[in-house]
Amino acid sequence: MRLEPNQFWSLSEWLFREGSLLYGAALVITMAAFGFFVCYVVAMVRQGPGEGFFSIAKVIYDLFRTDLPKTSLSRIWAIAKLAFLEAIRRKVLAVIGIFIVGILFAGWFLDKSADDPAKLYISFVLTATNYLILLLGLFLSAFSIPADIKNRTIYTIVTKPVRPTEIVLGRVVGFSLIGSVVLAVLGLLSYVFVVRGLNHSHEVATIGSDGRNGVTDVAGAHSHNFRLNEDGKGVTDESKGHQHTVTATKVNGETVFKVGPPIGNLSARVPVYGSLTYTDRNGVVGEGLNVGYMSEYRKFIAGGSLSSAIWNFENVNESDFPDGLEIEMNIEAFRTYKGDIVTPVRGTLILRSPDETVESERVSFLVKESLDRKVIPLKLSGFRLNKPEKLELFKDLVVDGRMQIIIRCEDSQQYLGMAAADLALRAGEKSFAWNFFKGYVSIWLQMVIVICFGVMYSTFLSGPVAMVATLASLVLGFFGANIDTFFNSQYNGGGPVEAVVRILTQKGTMIDLDLGNQTLEQTIRTIDYGLMSGVSTLKSAVPDFGRLGTSDFIAYGVDLFDGLLARHLLIALGYFIMTTIIGYFFLKTREMAA
Amino acid sequence: MNTKALYRKAAYICGIVALLLPLFLLGQPPTVKSTGSSAEPSASASASSSGGLLSQIRDRYDIGQASLGQLDPASETMRLATLGLRGVAATILWQKSDYYKTEKYYDRLSATLNQLALLQPHFVSVWDSQAHNLAYNVSVEFDDYRERYAWVKKGIDYLVTGTKFNRRQPILQWHLGKYMTQKLGRSDEKRQFRELFRNDDEYHQKLVGYGLDVESADARGPDRKPDNWLVGRLWFLKAYDLVRAGAYCKKNPLYFYAENPYALMYSAEAMEEEGTLDDKAMFAWSRASNEWDAYGALDIMTSWGHTVQLGKYDVALQVAKDATAKFDALVSDVRKEVIANSKDKLTEDEFAAVNLPPSERTPEQQYLVDASLYKYMPAKTVLIQMLPKEKRTEALALASDVDSKEEYATHVGKYRDQCNYEYWEMRGRLEQKPTTVAARRQMYEADQFLAKGDLDKSMKLYEAAWQNWARVFRAYPKMMTEESADEVLKAIKRYGKAADISLEDSFALSDFLKYRTIRDRNKMSEVGNELFETMLKESPKHKDSLDSPYQVGDAVPEPVIVQLRSESEVVGKTDGKPKSASTQTNETVPTQAKASRADRNPASNESFENVEFVTPDSPRAMQPLANLAPATESAESSESATTRPPTLVVPE
């Protein structure tokens, strides 16, 4: 699973250390100033500078003086109920039908022979639900107010003592409610689909002459080897991301084997991540090596040298590790020569105190390139100031919850690759169902943001246009990273205008534009720059839906950090407030115009 | 108003109908009307409609959905669900697959490729390139060879699905054969891959489901388990069947059909490497050799527009030689006249060089011969012009015949070179001989005993192996430069080291060692050339010795040591004149090149009167002088190469 270090941060770290609070405050002030300026310009054109300023000031005054303080929850609820019923009348529940049809046929596309089918199944249901629910939010929110205005039913509402804030909030709440209902149903269906889809049973196919080693039959495109203990109980090896229990019992003198249900494919491990630094061949802190891969996610350390990867942990609590320190790692090997093909590349793992005076003995391991677990006992041998000594993990190596783990590559001219998230301490396990629920909360937050945007656009645009605008915001939100890459000229071929010219003149992206006219080329580039700047600015005002996605956590069986979820909640709240205020202003001015 | 609206609506309806008509004519699907009784299918068929224009075109070119391959509901659903945006969806999926590959999300890559292929089920390149991606590019990213093997299988499975959607594309089956043979059998991990494959019962069942009879004797190795080379060969045979049934394959037939015998050869080779060195190996090689001969008898279409039979190169050479003889007979008087006149034009050295048989010329003399070619060897056109008028037409026809026959022989030769025909032909004949198998077995067992520390048995077996290898190299000297010979060299080193002895001239493989010592210095000398050519000349009489292998305990035969002229006559006389210093020191024409010149030229003779027939405008005559010029070499090293026979050392 890929995680960027900033995703490990707790809510307070994100707010204060990363400066998100300051950034948010600056954004609010800038948006407010920009909004005021734009509104004033429009009002000034319509009514002249003095009158314009007065009307703007009045709207702001009304917001803080009457509309906001006197907003009634009961009226919001009444409008929300209306919106809810309206959505039911518009047959939004059909989405559930579409989803059911989708998962009925999903089995055709999902590859059960994949290394870890659970990842595929969970990714599929979360992604499908995500897209469906965002589209639902989009269609629900964008058409409601414009339809009311078009049918003039809005007058029956505004003539009542209902404030614009209540109309906007009522719609958002109402649509969010119906969305939540649909999402809850989809979530339940998804959960059943995943659990049932991954459930399978094996029989024992062959058993060795000693009656203890055996192989299960093939089910779900895999089989397991197992070894029974003397008490007739055992666990199979791990295949397709899970294991089974096997028990042998004597019935009427004959041994009957029973293979249990899959264990471990639906999990929610609680990881403790650390920050990662690398040292070069001489042991000097450096950047880590790139062995030639395009992906920069993992960096590599050289074997047979002092090059190492050092994780610094800060929250290692004794209470989380009562039976020893369980380390989970997924290290990659890169060979510069094939060497011994059968034996994997070797690495060593060392635990070290943060002041670097005490360190454990080396723990050798063979690189698996998949999730590998090591349990470090609470009492172990090691060195204090290079002198051998018996150590206690939480007394000698962990100081104030801080500790270092070092990985080195033992084989000369071979390399090991790792990123910060590739080594974690496993501090227990939480319920998969709860983690699944958190994943759906994350989707719910995205839905609310889309509804907020849809309602905001619908206060000043007609239905279809509001829908397109919301869709554009969604696309910007999902493909924001690509837009940044575009804007930073990392793609060949220029911007939209240059691209059109290239298509018409049949010029590939790798050659110069060369139109024979420098001025024309410069003009094209300037227009492109203007367009791209505009898109880039717009992009920064919409939420990064890519980053709000958390399906990987659920699919890879990692407990979704509460801090990350809280962060997403705050982001959603920010967009909720922003869109509500903008929606209020538009509705208020529109009302005045009417 | 109402009337206007009515007119407008009527106009719309007319417009719609007008648009529907051509649509109907174009897109009407074919139908079969059941007008006749079920007992008379012909009557039913006659009442069927061939459909609209598009349908007819699809029928004509056999590109209808049903004729391309299996109709898959999932694929059709996906294609319909994209609402005409299939191209956009496919592009996004391609991008995603690329991203997943770059960032190493291989499971997702595999899932995306499945979706992609469902969107474009009849786009052969998707299956082809992405299957290759999985089997070759993704598999190597894993350190664990078992994981690699699993991804090769994924690539194969992916391509198998492709064959179901494209049942008239033999190239897919052919590539399946390549993956199963080459990827599993030629990788660095071939030993592990082959072992995994032969014990992969689950996968064998899957292959049976794919329509491959992996349980048949044809697909099993010596241990009665499926062998990757032989199973892969079944895919090649499927591809050939498709082509025979009329499917088009754009692959060059030379390579397309070579894979079947290759698979058998490599299977036999792998069998021997893994220790099966008995009658089974001989049978496997004999079968492979027969398939190679059958391949040689195939009519292979060339890029020149005619077919060639690789196995009939000798016939082509003979035909060219006969044609040349006819022409020569017609122009012999005129040629003699020209050559006689040309004597005056040649310098003394040139005359001496030209007068020598080609095999006795030094490289410098050969250079002189080539450079003075235009002075004594008139072109055919010149000779024809010198003939009496009444003979010119006949001569012209004969000359044209010679050109075409020679050209044909050259084409056959070129195609043979491309698939290394001669080597595999020789290998097939040689490896099925009891002596070769015994040599390999003894060497293999000697290695085993040496590893166990049983020096006595090991030495005896090694010594027996050298006797057998000596027979092999004497019968097929060209084997001395092949991979097998490298293995022999390594084994000799192990033997020498273990026995702690220095090899003497009486060593059974002394000729081989001498030759390799010279050759592995990366240059050939007169001694090397002579040694090789002498062995080559004498090889036919040693062929029979391959049927009776030397066994441990047999009487040691007298060593056969090639007597070299350059060892006995170091004076360096060629035509009665002493060699110049440069002649003695610069000897670098590669044996292969020289041998091939002698082999290839349809009419090479050794005397001045009948010098090889090369016209000034032939490729041979146009050869850059640099190719013929001797390479420089230090006097000291060249002296050791020419005047002093090499001592018996094992080259590094």
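## Domains of chain B

In this predicted model, the C-alpha centres of domain 1 and domain 2 of chain B are separated by 29 Å. The domain assignment places domain 1 of chain B at residues 68-121 and domain 2 of chain B at residues 143-298.

Contact between these two domains involves 7 residues of domain 1 of chain B and 9 residues of domain 2 of chain B. On the domain 1 side, helix α7 of chain B (residues 106-119) supplies the largest share, with 3 residues. That side of domain 1 of chain B consists of 4 nonpolar and 3 polar residues, with no charged residues.

## The largest nonpolar core

The largest nonpolar core contains 125 residues, and the members that touch the most others are A465(B), W469(B), V472(B) and L509(B). Helix α14 of chain B (residues 253-273) contributes the largest share of this core, 11 residues. Because domain 1 (68-121) and domain 2 (143-298) of chain B both give residues to this core, it lies between them.

Leaving aside residues up to four places away in sequence, W469(B) touches A439(B), V488(B) and L509(B).

In soluble globular proteins, nonpolar side chains tend to be buried together.

## Domains of chain A

Chain A is divided into domain 1 (71-197 + 431-485 + 544-593), domain 2 (204-259) and domain 3 (270-428). Between domain 1 of chain A and domain 3 of chain A, the C-alpha centres lie 42 Å apart.

Note on methods:
Residues are numbered from 1 along each chain as its sequence is written. Chains are lettered from A and ligands numbered from 1 in the order in which they are written. This is a predicted model: local features need pLDDT of at least 70, side-chain atom pairs count only at pLDDT 80 or more; totals for chains, interfaces and linings use all residues. Domain bounds come from an automatic or database domain assignment. Helices (H or I, at least four residues) and strands (E, at least two) are DSSP runs, numbered from the N terminus. Ala, Val, Leu, Ile, Met, Phe, Trp, Tyr, Cys and Pro count as nonpolar, Asp, Glu, Lys and Arg as charged, and the others, Gly among them, as polar. A nonpolar core is a set of buried Ala, Val, Leu, Ile, Met, Phe, Trp, Tyr and Cys residues joined through C-beta atoms within 7 Å. A residue is buried if 20 or more other C-beta atoms lie within 10 Å of its own, exposed if 12 or fewer, and partly exposed in between; C-beta atoms are placed from the backbone.
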